[in-house]
There are 2 protein chains.
Amino acid sequence: MNGTSGSQRKSIVALCGGVGGAKLALGLDRVAAENSDISIVANVGDDFRWLGLYISPDIDTILYTLSGNADEKKGWGRKDETWSFMEALQEIRSDAWFNLGDKDLALHVERSSRMAAGASLSETTNDLRAAFKVRSRIIPVSDDSIRTYLRSKNTWLPFQEYFVHQKCEPSVSEIAYRGAELARLHDDVRHLLIDETPDAVVICPSNPMLSIEPMLAIPELRQALRETKAPVVGVSPIISREAVKGPTAKLFTEFGIEPSAQACAYRYRDFIDAFVIDLNDEVELPGVEIRKERILMTTNEDKQRVATCVLDFAASMAKRKT
Amino acid sequence: MNGTSGSQRKSIVALCGGVGGAKLALGLDRVAAENSDISIVANVGDDFRWLGLYISPDIDTILYTLSGNADEKKGWGRKDETWSFMEALQEIRSDAWFNLGDKDLALHVERSSRMAAGASLSETTNDLRAAFKVRSRIIPVSDDSIRTYLRSKNTWLPFQEYFVHQKCEPSVSEIAYRGAELARLHDDVRHLLIDETPDAVVICPSNPMLSIEPMLAIPELRQALRETKAPVVGVSPIISREAVKGPTAKLFTEFGIEPSAQACAYRYRDFIDAFVIDLNDEVELPGVEIRKERILMTTNEDKQRVATCVLDFAASMAKRKT
């Protein structure tokens with residue numbers, strides 16, 4: 001296979017949030033980056049500034065996961081991390097509730113420095129991706145600001161306040177993706193989805209409400225997913241009514257929705273062609289093909305197996321869609 | 001002694017650069033802060049931005065020294081420091097020549113964050129001083145930008161480029177304190193020196209050219225030192241023709257000046273009333289009283305002994321000056 005021959009290369013676009021999604025992104029990168037251009041479109045709804053630093057949790061997780069630097073045991077941040085900065089910060093600042101590891105900080109400081117000098121989030125992300133020797137491209141869904149807020153009783157909580165500071169404990173009655181309606185879809189994502197037809201568009205198994213829908217709230221993206229001729233394949237973030245990680249199931253329940261693969265697929269019904277669910281789950285949705293696979297991704301072999309399943313599924317869909 | 005009785009309290013103003021000066025500042029803090037208001041006026045000529053962070057090396061050194069956090073063995077930075085940030089940064093950035101320890105970083109990030117939110121350097125410094133539980137006030141000589149540049153052959157080097165990156169190796173033919181001429185002396189320093197008469201004004205044993213003269217280059221400060229009725233007592237940074245630390249002797253030599261206590265005192269001749277030198281040194285300068293003391297400050301006892309000597313000297317001068 002000739003990796004330099006453009007006509008032979010496949011194109012894969014994956015919408016991805018944080019930890020759960022990044023596992024599949026890693027699988028895609030490992031099984032397909034040799035002969036495919038992989039573009040991981042990252043959620044920016046969790047982004048925020050703290051201590052003047054621009055922190056982009058989902059992009060960070062994708063960068064660390066794909067470069068082999070993620071702390072898989074802890075589930076966030078970098079492996080072999082140290083915490084001297086936080087210890088020193090807590091001595092001079094009372095409200096230091098967001099944990100920044102010493103190594104993790106290098107990424108935030110470097111990114112903030114580049115952005116302060118005028119670089120966009122996407123330019124910076126692409127430079128950092130190269131610095132971390134990640135083959136797959138990582139594209140923030142937009143260079144405009146999208147900020148996820150969650151309403152609990154009468155208070156709108158910024159995402160990190162809810163997710164990290166209050167540990168997802170408040171019950172949520174409403175979610176808003178501030179800025180999304182006016183945010184411009186990143187040019188390269190538009191180009192990939194609208195002007196080109198990728199071989200596969202993958203919706204990674206991230207929390208629909210907190211990771212995928214902040215992106216879908218950009219009207220142009222949802223429209224592009226509906227219109228693309230590429231097969232759009234989702235992977236369920238819920239297995240047997242439980243989220244693998246995070247507050248997905250809790251949020252669904254608070255919204256009066258039974259957490260299930262069915263409920264996830266339903267949220268994407270206007271644009272997915274196919275949905276991958278766990279062996280014991282069932283989904284029935286008109287116009288959406290279902291494939292069953294062991295989708296709990298623990299080992300790297302799991303991640304590559306699920307990625308292979310998704311790509312095979314997309315290839316078979318592509319034949320039927322055209 | 002009643003520390004709350006304002007009328008009884010003495011007022012001490014000390015002009016201070018980095019490590020050498022901070023040793024005496026520590027001595028002053030330890031022997032006099034109980035019954036004196038100590039104001040340490042800090043050089044900002046070394047200040048710079050790196051990675052978007054505002055770094056103020058002399059203020060940092062004073063903060064760390066007076067709070068007991070300085071790495072006295074290494075001579076800069078914080079004790080018990082770790083270096084994970086730098087290791088991670090070097091993986092994604094090639095020109096990471098300025099070392100920031102993980103704990104040290106907490107100070108820079110916190111300061112930069114406060115300044116980005118609109119606080120001045122002096123407000124930030126005062127808050128940080130309180131957070132570090134330092135009793136003596138630390139006042140940046142100006143909230144305006146003063147930046148020391150050194151000319152080597154045909155190139156003007158910013159201070160940190162010369163001092164840290166090139167390890168003081170280039171030979172220097174000219175020094176400029178950019179911004180000093182138009183910089184406003186900090187209001188509190190003006191007030192202390194001009195409206196009040198401190199019990200002592202101390203010129204700490206810092207590098208004259210790199211630490212004290214960037215401050216003196218503010219015309220109002222030099223004028224205030226000439227006019228104040230307070231006794232102005234300097235301490236030599238040079239012992240037996242050698243600087244205790246740093247490039248003082250090398251710079252003097254490059255300017256064709258023999259490095260000596262005499263040469264240091266001479267640079268301050270228009271405003272000092274008294275000068276403290278080492279036991280084996282000699283200074284003769286009209287109108288300047290000389291006191292000899294063992295001024296090499298290694299232990300905390302040394303620092304307190306030299307501080308006591310300076311304050312006694314100032315007290316005896318004050319009687320004669322009024």
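This is a predicted model: local features need pLDDT of at least 70, side-chain atom pairs count only at pLDDT 80 or more; totals for chains, interfaces and linings use all residues.
Local features need pLDDT of at least 70, side-chain atom pairs count only at pLDDT 80 or more, and totals for chains, interfaces and linings use all residues. Residues are numbered from 1 along each chain as its sequence is written, chains are lettered from A in the order in which they are written, and side-chain values use heavy atoms, without hydrogens and water.

**Exercise 1. Determine how chain A is related to chain B.**

Step 1. Copies are superposed by least squares on the C-alpha atoms of residues with pLDDT of at least 70 in both.

**Exercise 2. State the extent of the interface between chain A and chain B.**

Step 1. Contacts link 24 residues of chain A with 24 residues of chain B.

Step 2. Buried area is the accessible area (1.4 Å probe) that two parts lose on being put together, summed over both. For chain A and chain B this is about 2,000 Å², 65% of it on carbon and sulfur atoms.

Step 3. In chain A, the most area is lost to chain B by Ile92(A), Val109(A) and Glu110(A), which together account for 27% of what that side buries.

**Exercise 3. Describe the packing of H3(A) on H4(B).**

Step 1. Helices are DSSP runs (H or I, at least four residues), numbered from the N terminus. Axes are lines fitted to C-alpha atoms over the stretch in contact, and angles run from 0 to 180 degrees between N-to-C directions.

Step 2. Angles under 35 degrees count as roughly parallel, over 145 as roughly antiparallel, 65 to 115 as roughly perpendicular and the rest as oblique. H3(A) and H4(B) are therefore oblique to each other.

Step 3. Residues of H3(A) in the contact include Phe85(A), Leu89(A) and Ile92(A), and those of H4(B) include Asp102(B), Val109(B) and Glu110(B).

Notes:
Helices (H or I, at least four residues) and strands (E, at least two) are DSSP runs, numbered from the N terminus. Contact means heavy atoms within 4.5 Å.
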